[in-house]
Amino acid sequence: MSAIVLFLAVVAVIAGWWLSQQRLASKPWLETGVIDDARGASSLPPAKIGLGVFLAVVGSLFALFVSAYTMRMELVDWRSLPVPKLLWFNTAVLIVSSGALQWARAAVGRDDGEGVLIGLLAGGASALVFLIGQLLAWQQLDAAGYLPAANPANAFFYLITATHALHVVGGLVALGRTTVKAWRGAEPAQLRLGVELCTMYWHFLLLVWLVLLALLTGWADDFVAICRQLLT
Amino acid sequence: MVDVLSDTNTGITPAEVVDVELYHPKSWWTTYIFSQDAKVIAIQYALTAMAIGMVALVLSWLMRLQLGFPGTFSFIDPSQYLQFITMHGMIMVIYLLTALFLGGFGNYLIPLMVGARDMVFPYVNMLSYWIYLLAVVVLVATFFVPGGPTGAGWTLYPPQAILSGTPGGNEWGIILMLASLILFIIGFTMGGLNYVVTVLQARTRGMTLMRMPLTVWGIFTATVMALLAFPALFVAAVMMLLDRALGTSFFMPTLQEMGQLMKYGGGSPLLFQHLFWFFGHPEVYIVALPAFGIVSDLISTHARKNIFGYRMMVWAIVAIGALSFVVWAHHMYVSGMHPQFGFFFATTTLIIAIPTAIKVYNWVLTLWRGDIHLTVPMLFALAFIVTFVNGGLTGLFLGNVVVDVPLSDTMFVVAHFHMVMGVAPIMVVFGAIYHWYPKITGRMLNDGLGKFHFWVTFLGAYAVFFPMHYVGLQGMPRRYHDIGETSFIPASAHDLNAFISVAALIVGAAQLVFVFNLAWSLFKGKEAGGNPWGATTLEWQTPQTPPAHGNWGKELPIVYRWAYDYSVPGAPRDFVPQNEPPGGFAVQGARA
């Protein structure tokens, strides 16, 4: 369970830092009158805070998968599966997707409506390519006989990649809505929030994917072993 | 109380908080059914939770009939008994308490108490309820599928949960149970995002975090915990579903069934226990923290005294929330874990007693020399304190490895957790309903019926769970359909079991009085006015009762003081509403 405990420790540090800004040591019973809560409610739009909180939830979901993975792989029946080469291509596509959205976000800043649309379309298309690539990788594994029930390593591979892919699909719905707005000629300023939220979500899913990839390819094995030694 | 910050801003305009764009319903359907108004969603949540809670209540009756009078009721066979205990536990913990505290009270109270017009994402909030309802429907459906609901115990431990020897294990029961949990978690996450972001972003002007009523602190912290803990149950449920449906071996070890080697191999049941309790322990506090918060407000209001140690109360809530994530393995002392881990988890468990004890002392010190009004909400609040202390003390027994091992899986454990997270939070639920019903409906609940309901429930719950500790100490195991003849359980324990069952039947029946009171008072109850208890918090200062769509009139209230200005020396009344300017008068609302 070290992955999830570590993740929650990070969340706790962020929450603790935020709480430390909130005058928790004040004596409210002595303070009558208007207090302008300058540092209380953030100036960020609620949707952004909402997404931030949601990402913490998604992060804890994946941290739990990682925890379960590392605990299960210790058992004797674990046989790591060869990671399809296609995953490298998919990773590159996902990086491109994230980059395209970053570009769209920059275009919003330049007030460049066409640039926003191109960025959103490119980001969405490459994310679709990523999903198709993941499906093909599944097919390759399936054809090579690595069925989900055959070994826990296979089962985890399918489960974790599917969960990640589902989150990408959810992101595509939001991205689709923003893209339709841009397509219909909304001003870049009206698109700002939507584009920023999508970009944030995309970067996060890219980060999660890189962590998962390190785990699934076995790169993280040494790291996991070190953590385990520290704990025992 | 002395006003240290003398105020020069009395005439300030309230328009400086950005007002949200409110969704305005256009038809009867969008006003009352597919409503995006948090108050309507709250009532939907509460009614659904109470309805499914009644099912769980009936299940507990059936269990007690069997335990008190074994062999008398031939229609309760061992499989059904297991199904009853499983569904009773699951419904009470998740579908009733979690949903009612966070979905019900959270939705109703957060926007009103922080001075917001509504939740920040009303559409998502509406979806949250409908997905919750779907989860409940799927749960209820398990009663009608072939094989019936799962009988795996509310902890759903593998491997037995998906084996044919367990009711519903190789049929639909366990599949639908897991599906329902997954739906519940998705629905809850949608609601939870709302509660958290509303507290963070939609507080009205002057409502600093340290001026929030403790109810909001409790619900807020519990929601943050639930958002981070429920994914563990989600992961466990998905993985078990795959074990059951696809034959993977996440949790399933190599085993034989009916002499046949099963398709599973190598999995770790212990992995499930870690995931389950990583959710399961915070869950205790997800239920307890809103109760802590609400009871603080009830006690302060009905004792006409400011809450003692407000800052400590807030810190304790946050500390309990954080600590509850590092104690999960105290539910697994008998799983064969390394003794050092047991020592670690016993230590963290006992550390939680410190902030919890701070809260209890502060409640008692709030009562000390207060002007205690023994109204029905106050009675329930007092009952909560004693019950919680009771359950907490047996928690000290069970938190220690050496004491827990012999007591594990006995009725002592059942008595402990029913006291601490069954009876105690339910007392708060009742107290809160009696307290806020006048705001929700505009009418008071009947006092006589309320007092009858209280005394029967309170004394009855003690009659049920006090003797159960003793029965557990005698070694009576939990989850047994029939103990049969044993050398270690004396005849007196069997008599006690019969007594407990009779008490349980009476307590259950008393809840019908409560339900009747809810319905009767809706039409015949005494008119409540805007602020019948003389309370300070913002929800009692709304221009209309029940609060209208958008909660406030044209302008949001401004908060000038904390939530506990009761019996302030020199003040004209024994309470000063939060929106009353210093030296001025309340802008909106008044005591009825």
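In this predicted model, helix α7 of chain B, residues 269-302, packs against helix α9 of chain B, residues 339-367. The two axes lie 9 Å apart and form an angle of about 15 degrees. Angles under 35 degrees count as roughly parallel, so α7(B) is roughly parallel to α9(B). The crossing in which α7(B) passes α9(B) is left-handed.

Which residues of α7(B) meet α9(B)? On the side of α7(B) they are F292(B), V295(B), S296(B), I299(B) and S300(B). Their partners in α9(B) are K359(B), W363(B), T366(B) and L367(B). Sorted by class, the contact between α7(B) and α9(B) consists of 5 nonpolar, 3 polar and 1 charged residues.

The secondary structure of chain B consists of 14 helices and 2 strands. Along the principal axes, the C-alpha atoms of chain B fill a box of roughly 85 × 50 × 50 Å.

How much of chain B is buried? Of its 592 residues, 57% count as buried. The contacts within the chain can also be sorted by separation in sequence. Taking the contacts in chain B between residues at least 6 apart in sequence, 80% join residues that are at least 24 apart.

Key:
Residues numbered from 1 in each chain as written. Chains lettered and ligands numbered in written order. Predicted model: local features only at pLDDT ≥ 70, side-chain atom pairs only at ≥ 80, totals over all residues. Helix = DSSP H or I, 4+ residues; strand = E, 2+ residues; numbered from the N terminus. Buried ≥ 20, exposed ≤ 12 C-beta atoms within 10 Å, placed from the backbone. Contact = placed C-beta atoms within 7 Å. Axes fitted to C-alpha atoms, helices over the stretch in contact; angles between N-to-C directions. Parallel < 35°, antiparallel > 145°, perpendicular 65-115°, else oblique. Left-handed = near helix turned anticlockwise from the far one by under 90°. Nonpolar A, V, L, I, M, F, W, Y, C, P; charged D, E, K, R; others polar.
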